[in-house]
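Please look over the model below before reading on.

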Amino acid sequence: MQDRFEHFINGVPTYPSSGEYFDTYDPHDESIIAQIAKGDAADVDAAVKAAANAGEAWEALGAIERGRILKQLGALISERAAEIGATESRDMGMPGQATPGIIQASAQFFDYYGGLAPSLMGEVMPTVPEKMIYTRREPYGVVGIITPWNAPLNQAARSMAPALAAGNTVVVKPSEWASITTVMIGEIAKEAGVPDGVINVVTGFGADTGTPLVEHPLVSKIAFTGSIPTGAKIGEMAARKIMPVTLELGGKSPNIVFEDADLQAAIPMALYGFIANSGQICTSGTRVLVQRPIYDDFAKHIAAAAEQLPIGREATFPCLGPIANRMQYEKVLAYFDSARAEGATILTGGTPATGDGLDNGLYIKPTVFTDVTMDMRIVREEIFGPAGVLIPFDTEEQAIAIANDTDYGLCSGVWTQNLNRAHRVAAKIKAGTVYVNTYHDQSVDGPVGGYKRSGIGRERGMQALSQYTQTKNVTIQFS
């Protein structure tokens, strides 16, 4: 891996205008792995202007040609999945056996939206013979994309691909905690034939680069994935510009296990629901609601399964890696302290994971809480670590009430062999996604997004493509 990464602006690596860099760390052992360009408003301005200048030609290529280029970009990412995955593992912490799969999923976004690009069509409205009304689906222009650190390339690809397919150009600001693979995607895009200026990446801190990106007068839409407080600030800035946003924010998702569930499938998948990527997924099923007749048996077996999970850089999947950065690591452990103080029982875990090469890393044992009440912080707030709470319930109505007793509404799960119940409960849960007898499905064609405070708009699927376009009405009066 190279030891310094620049911005990627107008098709070339670009030095930061300030000449400053910051260190990025490997959370497996907290060693410095590279220096990252520390961007500022001048770098953002250069990137946005490059994107704006490239916009007309990119749109004029036409949907079929744009789609071909995006599919080629996806193919190149797929070919380099092992290399990119190894970099992602060092920069963000995801175990080495897990990263190739997430990189392949990232590549699928470009393949998928490359194929969908020609499907963006307007409509002709039936009207009187002397008049014609039709619509055009047109790009916004420059789209700013601000991504989190928990799955950097995947999150960037998820927003970039539909935005580009619709004819927009993009400026991506990755998290300062994990920037490298997003810079790499810009460089790979050049190889795939993406014209200069269509994809730009500016690295740095939120106040220095994220804020100028949202506020830039040439940016016409923002896509952000991250925390509710930051999302709210972005929404406020966007509102002052009367600019549309897509916000995918936090979650505290319920995963409901009914007494008729197939426990051979439900137990490992409920565990996976809150330990995947060390719990650093917005859609994690961190509130596991279990019907009372099976509660004790379920608790015993999920704790045993948690204690058997491999932990470490090269652990066999499914496994746990470290928390992505020290700030989040300390935040997770503080939640555990809060749980103890509030009277929750730690069924397993609750401490750092040590030994066998783990001592210098940011590892935390998979943790299961019981004896919780609905007002505890670990029940109300997003922990973003490998922790789940078990909550008993008696009736279907009670399960739905508990599931909806949250400010969030991003995701949910239902485990039952009763198809009627599955449909009933899915209809009543206030969340953007309901998984039935599965969890964390990564299909690129399934839309994802939040109810309530979990966000605005949708990513993935056809809905995402439509949200990167605006509709123009053309009315013609014949003489």
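1. Two strands pair if DSSP finds at least two bridges between them. Helices (H or I, at least four residues) and strands (E, at least two) are themselves DSSP runs, numbered from the N terminus.

2. This is a predicted model, in which local features need pLDDT of at least 70, side-chain atom pairs count only at pLDDT 80 or more, and totals for chains, interfaces and linings use all residues. Residues are numbered from 1 along each chain as its sequence is written, and side-chain values use heavy atoms, with hydrogens and water left out.

3. Strand β9 spans residues 169-173, and five of its five residues are buried. Buried means under 20% relative accessible area, exposed over 50%, and partly exposed in between (1.4 Å probe, protein chains only). T169, V171 and K173 lie on one side of β9, V170 and V172 on the other, and both faces are covered.

4. β9 runs parallel to strand β8 (residues 142-146), joined to it by five bridges. In this pairing V142 is opposite T169. With strand β10 (residues 199-201), β9 has three bridges, also in the parallel sense; here V170 is opposite I199.

5. Which helix makes a β-α-β unit with β8 and β9? Helix α5 (residues 152-165) does, and the unit is right-handed. Right-handed means that, with the strands pointing away from the viewer, the path from the first strand over the helix to the second runs clockwise. Helix α6 (residues 180-192) makes another right-handed unit with β9 and β10.

6. The whole structure has zero disulfides, a disulfide being a pair of cysteine sulfur atoms within 2.5 Å. The sulfur of C282 has its closest cysteine sulfur in C411, 11 Å away, so the two are too far apart for a bond. C282 is buried at 7% relative accessible area, and C411 is buried at 2%.
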